[in-house]
Amino acid sequence: MNLSTKDGMIQYCKQVAKTNNWNLNKDKETLKDLIDGLLNNKLRYGYQSCPCRLASGKRELDHDLICPCDYAPADIKEYGACYCNLYLASNFYEKGLEFLNVPERRPIDLQRKAEENL
Amino acid sequence: MSNADVMFDFCKEEFNIVDGSKTSQKISLFTLSTCMWCKKTKKYLNDNNIKYRFIDVDKIDKNTKKAILDCLRKTYKERIAFPFLIVDDQPLVGYDPEKYKKLIKRE
């Protein structure tokens, strides 16, 4: 699949969700915004960095933010959603939630290092 | 002028101004153009006719970006994340409409 196209990015995210037994966000507008954000980052950085976090643009400093980010499995397990709510636990909608603010799990030293090397 | 006005005077040209009539508070918003939480925050402010100014931090030059991050880090105790909303001099990080209702006065 070609991640530099919108269709390719959608297929990629569907595949990630299926492989991990996660749901994709079902809100059409939210999903569109998230896919657009991932595609934008793929096109400008060369990799699909998390759309809700500031990337440095340097792959070696952003590798943990490449979607699905390193923190998604633990966040979905603990909270039911990844940081940006693209991926949701299989039972997310049974809880009656529309969205969920997930605390940042990324270690602060990785964030600071990326911010210092913008 | 609020402290935020003074602090971010160096990047005042970067701010996009969105007009509104329902608050006299000074509202500055730092966002990412790709972030759906940031879009929700802008929509909340727009829908409630609240005047604010914003910068999409991912779209500005790296020196200004670094200066803004330094300024946010030194001034506020919040961890930097987006959206980063400042109402007068009160910071609020993340999309939280319930807190927006409490923090932003309707006039």
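Chain B of this predicted model has four helices and five strands. Helices (H or I, at least four residues) and strands (E, at least two) are DSSP runs, numbered from the N terminus. From that end, the elements of chain B run α-β-β-α-β-α-β-β-α.

The radius of gyration of chain B, taken over C-alpha atoms, is 13 Å, close to the 13 Å that the globule rule gives for 107 residues, so chain B is as compact as a globular protein of that length. That rule is 2.2 Å times the number of residues to the power 0.38.

| Property of chain B | Value |
|---|---|
| Radius of gyration | 13 Å |
| C-alpha trace along its principal axes | about 35 × 30 × 25 Å |
| Buried residues (20 or more other C-beta atoms within 10 Å of their own, placed from the backbone) | 33% of the 107 residues |

Chain B also meets chain A. Here, 18 residues of chain B are in contact (C-beta atoms, placed from the backbone, within 7 Å) with 15 residues of chain A. On the chain B side, α2 (36–47) and α3 (62–75) each supply at least two residues. α3(B) gives the most, with four residues.

Leaving aside residues up to four places away in sequence, A:Cys82 touches residues including A:Pro68, A:Tyr87 and A:Val102.

Residues are numbered from 1 along each chain as its sequence is written, and chains are lettered from A and ligands numbered from 1 in the order in which they are written. Local features need pLDDT of at least 70, side-chain atom pairs count only at pLDDT 80 or more, and totals for chains, interfaces and linings use all residues.

How values were computed:
Two residues are in contact if their C-beta atoms, placed from the backbone, lie within 7 Å. A residue is buried if 20 or more other C-beta atoms lie within 10 Å of its own, exposed if 12 or fewer, and partly exposed in between; C-beta atoms are placed from the backbone.
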